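Student: I have just opened a structure that is new to me. Could you show me how to read its features, one at a time?

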Amino acid sequence: MSQIAPLLSTLKRELKARGITYAGVSRRLSLSESTVKRMFSEGRVSLERLEQLCQLIDFELSDLVQKMAEERQRTTTLTEEQEREVVEDSALLLVAISVLNRWTFDDILSIYAFDEHEVVQLLARLDRIKLIELLPGNRIRLIVTSSFRWLPNGPVQRFFRDQVQPEFLHSSFSGPGEVLLFQSGMLSAGSNAALRKKMERILAEFNELHEQDASLPLEDRFGSSILLALRPWELEIFQTFRREPSSKVFKAV
């Protein structure tokens with residue numbers, strides 16, 4: 001299996017961490033920006049070009065390979081049991097969300113009414129379930145991948161669906177930085193699939209911006225949530241007006 005795509009993904013994250021954009025890469029390598037974007041999106045690059053890209057971040061090719069290997073050892077999901085442990089303890093869930101948002105030990109202490117011993121104990125539990133590594137001096141090293149997700153319909157998602165989602169939606173969405181867009185229409189299975197892919201790209205961009213902003217001071221970052229949803233459905237009260245129940249079956253593409 002080709003390793004170019006995961007190598008380029010790792011390289012892209014390292015470039016972003018250093019504030020190097022596609023435009024910056026194009027200038028330094030004397031390439032058009034469209035060529036750079038295509039190179040990363042299609043995953044086609046020569047070994048010589050890959051070495052040139054590594055030089056932009058002061059990496060040897062071997063450093064990039066090692067970085068990729070380290071990322072592959074990181075946690076991508078928790079088990080059902082681990083998620084249940086997190087969600088059944090509100091303090092543990094709070095600290096878990098905080099560290100996923102790149103909060104430091106001091107950040108947690110400064111905002112929430114825990115003492116140092118309590119925070120250490122909570123972080124030690126997160127260390128045990130492989131969400132973080134608790135380092136000397138109470139430093140926190142997040143050991144999840146950039147694509148870390150809670151289990152589909154797992155304990156955490158069920159908690160958010162039952163308790164967080166209703167609170168999130170109980171808003172006029174008219175305040176600063178708020179927006180709610182809702183649109184209904186008739187889509188084919190193919191259009192549904194195309195739109196789902198675009199939604200995944202939006203979520204990926206959200207995660208990239210989250211990573212990019214992680215280095216900013218806590219006072220410059222705000223807890224932000226994004227809800228992307230798509231489903232073939234009909235409002236229940238509309239169904240009662242049907243002469244006969246719909247016999248159409250949606251088949252995902």
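Tutor: Gladly! Let us begin with a term: a contact means heavy atoms within 4.5 Å. Keep in mind that this is a predicted model. Among contacts between residues at least 6 apart in sequence, 62% join residues at least 24 apart.

Student: What helices and strands does the protein have, and in which pattern do they follow along the sequence?

Tutor: There are twelve helices and two strands. Reading along the sequence gives α-α-α-α-α-α-α-α-α-β-β-α-α-α. The C-alpha trace spans about 70 × 50 × 40 Å along its principal axes.

Student: How much of the protein is made up of buried residues?

Tutor: A residue counts as buried under 20% relative accessible area. Here, buried residues make up 26% of the 253 residues.

Student: How do I read burial along a single helix?

Tutor: Start with the general idea: an α-helix has 3.6 residues a turn, so residues three or four places apart point the same way. Now look at helix α4, residues 47-55, where L50, L53 and C54 are buried. These residues cover an arc of only 100° around the axis, which puts them on the same side of α4.

Student: Which exposed residues does the face turned away from the buried side of α4 carry?

Tutor: That face carries E48 and Q55, both exposed.

Student: How do I describe two helices that pack together?

Tutor: Two packed helices are described by the angle between their axes and the distance between the axes. Take helix α7 (residues 90-100) and helix α9 (residues 116-128): their axes come within 10 Å and cross at roughly 70°.

Student: Which residues make the contact between α7 and α9?

Tutor: From α7 come A91, L92, V95, A96 and V99, while α9 supplies L122, L123, R125 and L126. Sorted by class, this contact has eight nonpolar residues, no polar ones and one charged residue.

Student: How many aromatic pairs are there, and how do I read one?

Tutor: The structure holds six aromatic pairs. To read one, check the ring centres and the angle between the planes: under 30 degrees counts as stacked, over 60 as edge-to-face and the rest as tilted. The rings of Y22 and F40 have centres 5.5 Å apart and planes at 35°, so this pair is tilted. Y22 belongs to helix α2 (residues 22-29) and F40 to helix α3 (residues 33-42), so the pair ties together parts that are 18 residues apart in sequence.

Student: Are Y22 and F40 buried or partly exposed?

Tutor: Y22 counts as partly exposed at 24% relative accessibility, whereas F40 counts as buried at 11%. For an edge-to-face pair, turn to F159 and F160, with 5.7 Å from centre to centre and 85° between the planes. F159 is partly exposed at 21% relative accessibility, and F160 is partly exposed with a relative accessible area of 30%.

Student: Which residues form an aromatic cluster?

Tutor: W103, Y112 and F114 form one aromatic cluster.

Student: Where do I find a positive phi in a residue other than glycine?

Tutor: Look at R102, whose phi is near 70°. R102 is in the loop between α7 and α8, and it counts as partly exposed at 23% relative accessibility. K130 is not a glycine either, and its phi is positive at about 70°. The loop between α9 and β1 holds K130, which counts as partly exposed at 48% relative accessibility.

Methods: Residues are numbered from 1 along each chain as its sequence is written. This is a predicted model: local features need pLDDT of at least 70, side-chain atom pairs count only at pLDDT 80 or more; totals for chains, interfaces and linings use all residues. Side-chain values use heavy atoms; hydrogens and water are left out. Rings of Phe, Tyr and Trp (its six-membered ring) pair if their centres lie within 6.5 Å; planes under 30 degrees apart count as stacked, over 60 as edge-to-face and the rest as tilted. Helices (H or I, at least four residues) and strands (E, at least two) are DSSP runs, numbered from the N terminus. Buried means under 20% relative accessible area, exposed over 50%, partly exposed in between (1.4 Å probe, protein chains only). Axes are lines fitted to C-alpha atoms, for helices over the stretch in contact, and angles run from 0 to 180 degrees between N-to-C directions. Ala, Val, Leu, Ile, Met, Phe, Trp, Tyr, Cys and Pro count as nonpolar, Asp, Glu, Lys and Arg as charged, and the others, Gly among them, as polar. The arc is that of the directions from the helix axis to the C-beta atoms.
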